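Hello,

Here is the structure I promised to pass on. Please open it first; my notes follow below.

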Amino acid sequence: MKKNTSTYLDYQATTPLDSRVSDSMIPYYSQVFGNPHSSGHSFGWEANRAIENARLDVADLLSAGPDEIIFTSGATEANNLAILGLAHGCDRKRHKIFVSAIEHKSVLAPARHLANEGFLVELIPVDNQGGIDLNWLQDNIDEKTLLVSVMAVNNEIGTIQEISTITSICHSVGALVHIDATQAFPTMTIDTFEQDIDLLSLSAHKIYGPKGIGALYIRREYQNLIQPILWGGEQESGLRSGTLPTPLCVGFGKAASLILSDSEKDKKCIKELKIELFQKLSHQIEGLELIGPPLKNRHIGNLCLYFPGISADELIGLIQPKLAVSSGSACTSGITETSHVLSAIGLSATKSNSCLRISLGRMTTLEEIEIAAKVLISEYAKIKRLINI
Ligand code: PMP
């Protein structure tokens with residue numbers, strides 16, 4: 001296959017597979033091919049051992065126990081299992097569910113589904129940087145609240161939430177907390193014990209692991225409250241039926257262990273490159289604006305930038321095939337609608353439609369930053385010239 005020579009700055013949509021991850025997976029496609037749930041022979045035992053090692057690595061990333069990790073197909077399934085599974089597994093004594101206004105659609109859609117079933121679902125408002133309104137949460141939460149779901153780090157504007165404060169408010173009335181931590185690493189560390197988290201979703205393809213695998217952490221004592229959304233062979237303690245994909249689990253485990261070993265280096269390099277790109281762009285583009293939290297206090301690789309007076313989709317079209325970035329979140333692209341995240345932080349539809357999400361990651365180089373800056377500056381100038389003719 002021909003190598004794609006475009007510059008990739010869309011790491012929040014997905015990350016490339018780290019070569020150390022792909023190397024770790026290869027033997028599990030052909031050599032260790034047994035069904036990990038075949039308990040009667042060595043083919044099954046070997047595959048099962050690899051999966052349990054991977055589970056330990058994923059658990060270590062969260063300072064959790066391996067018995068608290070349920071493998072899923074990704075964060076979409078983990079979010080659905082957390083929200084629908086808890087709501088359907090509990091009696092209706094608690095019928096309120098709060099999710100933040102800037103959640104991913106895989107949280108918003110199951111919550112909406114529960115609203116149709118009679119649950120009282122409310123959106124927690126956010127401030128102009130995407131921080132959830134803790135006063136609102138404090139004032140509205142009560143003994144009728146079953147679950148609060150908040151993402152650790154936002155996928156469009158990079159906001160980092162105050163997880164420990166949120167869990168302490170929720171636990172004061174006995175409500176459980178689900179954290180969508182898909183975009184959390186390596187920006188922040190997660191310690192499910194210290195931060196007192198009840199449920200947490202992960203996806204391997206956002207941490208240089210393979211697509212098609214993720215996990216839901218479920219605190220040990222709450223596992224009996226969750227009703228599965230997939231039924232069958234009762235794998236994953238009966239919470240998620242289906243044969244586990246050994247190579248994907250192994251890759252996920254390796255990716256998780258690399259987050260722990262490489263995160264300081266990754267953080268430093270990515271942050272420096274991000275600041276370099278922002279400075280280059282803001283020196284040359286009049287009115288360029290950083291949307292969301294300040295540079296130093298957001299997802300390490302995220303820049304959400306307002307390019308005044310142009311359509312972000314038009315700019316993205318013009319920079320093809322040189323540069324890969326996105327407008328709004330990749331999961332909603334294809335559908336032309338204004339980002340619910342940008343509108344929740346108070347941006348007008350017109351301003352939102354002029355915003356680009358640029359995201360850097362582990363493989364980003366200074367050369368790529370120079371190319372990206374050059375391409376964006378020259379193509380932006382071209383659109384502006386055309387508009388002004
Ligand atoms: N939550 C967040 C915050 C995400 O960014 C994404 C992916 N864009 C998901 C959930 C869904 O993850 P997956 O692709 O693993 O289903």
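Strand 12 is mostly covered: five of its five residues are buried. Buried means under 20% relative accessible area, exposed over 50%, and partly exposed in between, with a 1.4 Å probe and protein chains only. Helices (H or I, at least four residues) and strands (E, at least two) are DSSP runs, numbered from the N terminus.

The model is predicted: local features need pLDDT of at least 70, side-chain atom pairs count only at pLDDT 80 or more, and totals for chains, interfaces and linings use all residues. Residues are numbered from 1 along each chain as its sequence is written, and side-chain values use heavy atoms, with hydrogens and water left out.

Back to strand 12. In a regular strand the side chains alternate between the two faces of the sheet. Here both faces are covered. Cys 355, Arg 357 and Ser 359 are buried on one side, Leu 356 and Ile 358 on the other. Strand 10 (residues 302–306) runs antiparallel to strand 12, and five bridges join them. Asn 302 has Ser 359 in strand 12 as its bridge partner.

Helix 12 comes next. Its 23 residues should span 33 Å at 1.5 Å a residue, and its end C-alpha atoms are 33 Å apart, which agrees. The expected span is 1.5 Å times one less than the number of residues. Buried residues of helix 12 include Glu 368, Ala 372, Leu 376, Glu 379 and Ile 383. An α-helix has 3.6 residues a turn, so residues three or four places apart point the same way. The buried residues of helix 12 pack against strand 1 (7–8), helix 8, helix 9 (312–318), strand 11 (323–324) and strand 12.

Seven strands form an open sheet in the order 2-8-7-6-5-3-4, with mixed pairing. Two strands pair if DSSP finds at least two bridges between them. Strand 2 (69–72) and strand 4 (120–124) stand at the edges, each with a single partner strand, so one side of each has no neighbour in the sheet. From one strand to the next, the twist averages 20°. Strands 6 and 7 run parallel and are joined by three bridges. Asp 180 has Ser 201 as its bridge partner in strand 7.

Helix 3 (residues 42–61) packs on this sheet and touches strand 2, strand 7 and strand 8. Contact means heavy atoms within 4.5 Å. The direction of helix 3 makes about 110° with that of strand 2. Axes are lines fitted to C-alpha atoms, for helices over the stretch in contact, and angles run from 0 to 180 degrees between N-to-C directions. Helix 5 (residues 105–116) lies across strand 3 (96–100), strand 4, strand 5 (145–151) and strand 6, at about 155° to strand 3.

Thr 145 is buried, with a relative accessible area of 0%. It touches Arg 94, Lys 96, Phe 98 and Ala 175, leaving out residues up to four places away in sequence.

Then the cores. A nonpolar core is a set of buried Ala, Val, Leu, Ile, Met, Phe, Trp, Tyr and Cys residues joined through side-chain atoms within 4.5 Å. The largest has 61 residues, and Phe 71, Leu 137 and Ile 190 have the most contacts inside it. Helix 8 gives this core its largest share, seven residues. Apart from it lies another core of 32 residues, among them Phe 278, Ile 300, Ala 312 and Ala 372.

Last, the charges. A salt bridge is a side-chain nitrogen of Lys or Arg within 4 Å of a carboxyl oxygen of Asp or Glu. The count comes to 23 salt bridges.

- Asp 262 meets Arg 20 at 2.8 Å, N to O. Asp 262 is in helix 8 (residues 246–284) and Arg 20 in helix 1 (residues 19–25), 242 residues apart. Asp 262 is buried at 8% relative accessibility, whereas Arg 20 is partly exposed at 34%.
- Arg 362 meets Asp 266 at 2.9 Å, N to O. Arg 362 is in the loop between strand 12 (355–359) and helix 12 (366–388), Asp 266 in helix 8, 96 residues apart. Both are buried. Salt bridges with shared partners join Asp 18, Arg 20, Asp 262, Asp 266 and Arg 362 into one network.
- Asp 198 and Arg 219 form a salt bridge, with their closest N and O atoms 3.2 Å apart. Both are buried.

Best wishes
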